[in-house]
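Hi everyone, thanks for coming. Please have a look at the structure on the screen, and then we'll walk through it together.

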Amino acid sequence: MTSMTDSKNKTIFRLKLELLLLTEAEDVLNRAKDVISKHYLTFRHLPYAQVPDQLPPDLMKAQLILISQNADEELVPFTDRGDRVLRLFPRGRVVTLMSSSFSRDNLEGSQNPRVTPLSQTEFFSTLKFEYLCMYRCRAQYVEVPPNDLFSMTKMLFPAFVRLSLNQRYLAVVHSNTILSDERFARLTKTEGLYVQLKDAEKYLDYIRTYFDTSGVGLKKRARALFLAIYYYSLCLNESLLFDFKSTSAFQANQFYSNLQKVGTELVEILKTDNNLWDVFREAHAGDFELFWRAPWIAVYGTLISVKSAQGNPLTVLMAGLLADTGIYDLEEATTARFLFADDKAETEKIPDFQKHPLLSLNRCLLKNLPLSEEVKEVLICTHERADQKGFPNQVPSEKLPVEAQIIRFAEKIDQGVNTTMKNTGVGFRFMKEKVWEAENAQPKEFSATFLANIADALI
């Protein structure tokens, strides 16, 4: 295996090293190569034994490092190797592939926030390694409109531009500095301004501090709230998705609590007369976005709930964010088919796929998330139908939580965004209306009463 750069598009050349493979296991390298080829990740392969104590600068900046435990290697020496990698790469994230001799029952896993251990099954049979590669290598920055900033204010976070030649991010505004009128004027002329995903909280605090109550100001705040929800949901995923990731229950509960607080603030903004559909649809785009659509589905659902006065908006938000965590426990082909296929209906007929609502709930219960009974009930009903042909329990229509139906409808809207809108260029409002009309023409998944109740909320 040799080094590789992004050749998919000559205008996108990534100079930065995204993935460093410190292993000699052929099956591990072949698996990693599949992901590299699919997404044109820049990478280097170097056997662990050849890693020098003084790293050259190009290696030191690797974003994600993979090491694998040998079949006959005890846990202590493997942990020592992992600790050395953490010291050598102070800014990198590490994936450790555990030997098949270890299970979740006899290994607590790494407490280090920079390490994500994967079991053999997770690495070879699910989409979790690919998820981690795209998350760590392609989802660390989010684009924000330059006009969302305010001249002559103190910046709480750095802001960056992305260089077209090598895709590196260059800081153009530094944290704890005053954004001068001159610098602000220059920024408003840039093609794109980026903040680090980890600064989503600071970005929201900044917008809260300086936003005005006009329509434009509310849209800035709504966008910042969405990005905070996106960030917190990904942090919560770190606790939920991986068998060996031993994030403390306290930390997982803290992310859950943060989501509730931000969600409560979002609900209040949604009660205004502002039309925020496009603000959320356009809030973020990138190579990773198709791997985690829950923030869009959850927020679209919350918007429907508020505008239609149907259900509890916060229940919709929290259940919507958690409803698909179980899909990453399924076989890779099933998960990929659901995430990336234009037509999800065929995937939903697969018996294995129909397990995922319960898998999602179980992931949450394993981490002792403080789920309300309402959220638990909605979580396992997001694929139930009014005609009792859904799954996993074929719940009677009269017992179907309205919040679950809202999430289901929001999922169809989000699917339309990623298929109909991209393929045809139709407008968002038109697409939403067509989704509603198609369902209303033959009420099966949704009752006629439900569809009538949410109709005005889609405008």
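At what angle do helix α1 and helix α5 pack? The angle is about 50°, and their axes are 10 Å apart. That makes α1 oblique to α5, since oblique covers whatever is left once angles under 35 degrees (roughly parallel), over 145 (roughly antiparallel) and 65 to 115 (roughly perpendicular) are taken out.

A word on where this comes from: it is a predicted model, where local features need pLDDT of at least 70, side-chain atom pairs count only at pLDDT 80 or more, and totals for chains, interfaces and linings use all residues. Residues are numbered from 1 along each chain as its sequence is written, and side-chain values use heavy atoms, with hydrogens and water left out.

Now to the aromatic rings. A pair of aromatic rings is described by the distance of the centres and the angle of the planes. Rings of Phe, Tyr and Trp (its six-membered ring) pair if their centres lie within 6.5 Å; planes under 30 degrees apart are stacked, over 60 edge-to-face, and the rest tilted. The whole structure holds 28 aromatic pairs.

One of them joins Y169 and Y194, edge-to-face, with 5.3 Å centre to centre and 80° between the planes. Y169 sits in strand β8 and Y194 in strand β9, so this pair ties together parts 25 residues apart in sequence. Are they buried or exposed? Y169 is partly exposed at 21% relative accessibility, while Y194 is buried at 10%. Buried means under 20% relative accessible area, exposed over 50%, and partly exposed in between (1.4 Å probe, protein chains only).

Note on methods:
Axes are lines fitted to C-alpha atoms, for helices over the stretch in contact, and angles run from 0 to 180 degrees between N-to-C directions. Helices (H or I, at least four residues) and strands (E, at least two) are DSSP runs, numbered from the N terminus.
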